[in-house]
Amino acid sequence: MDWTALYLKTSALKVFILGTGEVATRRANKFLNHGAIVKLAGNSINEELSKNGAELYSTDDVDDLVDWSDLVVIASGDRKLSDYVADISKDKLVNRADFPDNGDIIVPTSFNIGDIEISIFTNGKSPLMAKQLRKRIQSIITEDDILEIELQDYSRSLLKEYVSNQKDRRDYLYEIFENEEIQELIKSRKIDEAKSVIFELIQGDFDDT
Ligand SMILES: C[C@@]1(CC(=O)O)c2cc3[nH]c(cc4nc(cc5[nH]c(cc(n2)[C@H]1CCC(=O)O)[C@@](C)(CC(=O)O)[C@@H]5CCC(=O)O)C(CC(=O)O)=C4CCC(=O)O)c(CCC(=O)O)c3CC(=O)O
Ligand SMILES: NC(=O)C1=CN([C@@H]2O[C@H](COP(=O)(O)OP(=O)(O)OC[C@H]3O[C@@H](n4cnc5c(N)ncnc54)[C@H](O)[C@@H]3O)[C@@H](O)[C@H]2O)C=CC1
């Protein structure tokens, strides 16, 4: 595969989207939900998008919009205009919804559950299947997994305070993950009690040393 997964910092990222159709709208929502500033060029945008902060411009303004942007998303059915925008975006990051290989960013399907983000990419082979796999994976992640992440986060902070060696910290994290008492507390949603058990486990050892 010529592509690899990386995370792009989207807070305050300036995103220019060419097009206002189905794909453009989906991309705009995604970037806005992740803190970006989004401007679109095309005919019209729906109320939800403008409420979320998206701004609509005319396609006559594409030169200025490209200049302004950090990332250009090309999602228009107008091939000539798309090629023109691609041409003037050579020094920008580009996502081309119509010819992905001519751009340098892929927008994969992704979803968040708590602090986890899961993305799926089929290397351009089947966006439809990426969508189906997303739905299937979404359905198997449980509330217990989210709580486990919260407890791991809590444990990691404590360990950084009390245990200086990384390998020892890792051993603790596996011990906590496998601890049956903690697993039971997660199942019964007693997170504060689970945290106390973790605190005792770590700090108890620390006191002994
Ligand atoms: C490569 C990629 C590049 C990029 O856009 O960055 C790309 C490219 C193309 N998609 C096309 C078509 C469709 N795309 C979807 C849906 C999604 N497309 C998404 C991503 C991507 N699409 C990138 C990575 C994909 C990967 O490989 O995994 C998703 C996952 C994410 C998102 O868009 O948010 C989103 C699902 C969101 C969700 O989870 O719900 C459907 C299904 C539907 O509409 O229901 C169809 C019709 C069915 C079909 O074609 O499969 C065409 C036109 C082909 C043509 O002309 O026929 C191209 C261009 C081409 O292939 O040349
Ligand atoms: N990457 C992806 O996930 C997908 C990519 N695509 C590709 O992305 C492009 C856009 O797809 P959709 O948003 O589904 O289409 P759409 O029909 O919903 O929207 C197309 C956009 O292009 C504009 N447009 C279309 N023809 C035009 C013309 N002749 N002159 C000026 N403006 C024109 C429309 O006003 C609209 O803003 C297409 O080229 C399609 O092949 C399509 C589906 C999914």
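**Entry 1. Terms and model**

I take helices (H or I, at least four residues) and strands (E, at least two) as DSSP runs, numbered from the N terminus. The model I looked through is a predicted one.

I looked up N123 and found it in the loop between β7 and α5. Its phi is near 60 degrees, a positive value in a residue other than glycine. I noted this angle because most residues other than glycine have a negative phi. N123 counts as exposed, because 11 C-beta neighbours lie inside 10 Å and the cut-off for exposed is 12 or fewer.

I then went back along the chain to the hairpin. Strand β6 (residues 109-113) and strand β7 (residues 116-120) are antiparallel partners, with 5 bridges between them. N112 sits opposite E117 of β7. There are 2 residues between the strands of this hairpin, and G114 has a positive phi near 55 degrees.

I place R189 in the loop between α8 and α9 (191-208). Is R189 buried or exposed? R189 is exposed, since it has 12 other C-beta atoms within 10 Å.

**Entry 2. I186 in α8**

I turned to helix α8 (residues 180-187), which holds I186. I186 counts as buried because it has 21 C-beta neighbours inside 10 Å, and 20 or more is the cut-off for buried. Leaving out residues up to four places away in sequence, I find I186 touching D144, L147, E148 and A194. I also checked I186 against L151: they are 35 residues apart in sequence, and their C-alpha atoms are 9.2 Å apart in space.

I looked at which way the side chains of β4 (residues 71-74) point. L71 and V73 point one way, V72 and I74 point the other way, and all are buried.

Which strands pair with β4? One is strand β1 (residues 14-18), which runs parallel to β4 over 4 bridges. On that pairing, I17 has V73 of β4 as its bridge partner. Another is strand β5 (residues 93-96), parallel to β4 and joined to it by 4 bridges. Here V72 is opposite V94 of β5. I followed the chain from β4 through helix α4 (residues 79-88) to β5 and recorded a right-handed β-α-β unit.

Setting aside neighbours within four places in sequence, V73 is in contact with V15, I17, L18, R27, N95 and A97.

**Entry 3. Nonpolar cores**

I looked up the largest nonpolar core and counted 23 residues in it. V15, I17, A28, V38, V73 and I74 are those with the most contacts inside this core. Two or more residues each come from β1, α1, β2 (37-41), α3 (62-68), β4 and α4. Another core, of 10 residues, lies apart from it; I176, I182, L185 and I202 are among its members.

**Entry 4. S44**

S44 is in the loop between β2 and α2 (47-51). S44 is exposed because it has 9 other C-beta atoms within 10 Å.

Ligand 1 has 20 residues around it, and P100, T109, P127, L128 and A130 are the closest. Which helix gives the largest share of the shell around ligand 1? Helix α5 (residues 127-140) does, with 5 residues. I sorted the shell around ligand 1 by class and got 9 nonpolar, 6 polar and 5 charged residues.

Around ligand 2 I find 15 residues, of which G21, V23, G77, D78 and A97 come nearest. Helix α1 (residues 22-33) gives the largest share of this shell, 3 residues. By class, the shell around ligand 2 holds 5 nonpolar, 7 polar and 3 charged residues. A97, one of the nearest to ligand 2, is also on the contact list of V73.

Methods. Residues are numbered from 1 along each chain as its sequence is written. Chains are lettered from A and ligands numbered from 1 in the order in which they are written. This is a predicted model: local features need pLDDT of at least 70, side-chain atom pairs count only at pLDDT 80 or more; totals for chains, interfaces and linings use all residues. A residue is near a molecule or strand if its C-beta atom, placed from the backbone, lies within 6 Å of it. Ala, Val, Leu, Ile, Met, Phe, Trp, Tyr, Cys and Pro count as nonpolar, Asp, Glu, Lys and Arg as charged, and the others, Gly among them, as polar. Two strands pair if DSSP finds at least two bridges between them. A crossover is right-handed if, with the strands pointing away from the viewer, the path from the first strand over the helix to the second runs clockwise. A nonpolar core is a set of buried Ala, Val, Leu, Ile, Met, Phe, Trp, Tyr and Cys residues joined through C-beta atoms within 7 Å. Two residues are in contact if their C-beta atoms, placed from the backbone, lie within 7 Å.
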